[in-house]
Amino acid sequence: MADNKQNISYQAGQATGQSKEKASGMMDKAKDTAASAQDSMQQAGQQMKEKAQGAADVVKDKTGMNKNT
């Protein structure tokens with residue numbers, strides 16, 4: 001009877017350990033995904049900023065506001 005209880009306890013411990021390891025792996029994947037998304041958003045933001053600056057320069061050139069005299 002004691003052996004059966006020890007076996008059940010051991011199996012419960014194994015299951016708990018496996019669950020914790022799986023949860024840890026999922027958290028690592030979530031962190032990696034979030035970091036990747038942040039990098040992508042920063043790159044997109046930089047590209048938008050550069051395009052907006054280029055558009056502003058075109059408008060200044062066309063209206064004569066960008067002359068250096």
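## Burial and surface

Of the 69 residues in the chain, 0% count as buried. The structure described here is a predicted model. The chain exposes about 6400 Å², and carbon and sulfur atoms supply 55% of that area.

## Fold and overall dimensions

The secondary structure of the chain consists of 1 helix and 0 strands. The radius of gyration is 29 Å, well over the 11 Å that the globule rule gives for 69 residues, so the chain is more spread out than a compact globule.

Along the principal axes, the C-alpha atoms fill a box of roughly 95 × 15 × 10 Å.

## Charges

The chain carries 10 positive and 8 negative charges. The mean position of the positive charges and that of the negative charges lie 6 Å apart.

Asn66 belongs to the segment that comes after α1, the helix covering residues 2–63. With a relative accessibility of 34%, Asn66 counts as partly exposed, because this class lies between the limits of under 20% for buried and over 50% for exposed.

When residues up to four places away in sequence are left out, Asn66 touches Asp57, Lys60 and Asp61. A further spatial relation concerns Ala56, which stands 10 residues from Asn66 along the chain. The C-alpha atoms of Asn66 and Ala56 are separated by 9.9 Å.

Conventions: Residues are numbered from 1 along each chain as its sequence is written. This is a predicted model: local features need pLDDT of at least 70, side-chain atom pairs count only at pLDDT 80 or more; totals for chains, interfaces and linings use all residues. Side-chain values use heavy atoms; hydrogens and water are left out. Helices (H or I, at least four residues) and strands (E, at least two) are DSSP runs, numbered from the N terminus. The radius of gyration is taken over C-alpha atoms; the globule rule is 2.2 Å times the number of residues to the power 0.38. Buried means under 20% relative accessible area, exposed over 50%, partly exposed in between (1.4 Å probe, protein chains only). Accessible areas come from the Shrake-Rupley method with a 1.4 Å probe; for residues, only the protein chains shown count as cover. Lys and Arg count as positive and Asp and Glu as negative; His and the chain ends are not counted. The place of a charge is taken as NZ of Lys, CZ of Arg, CG of Asp or CD of Glu. Contact means heavy atoms within 4.5 Å.
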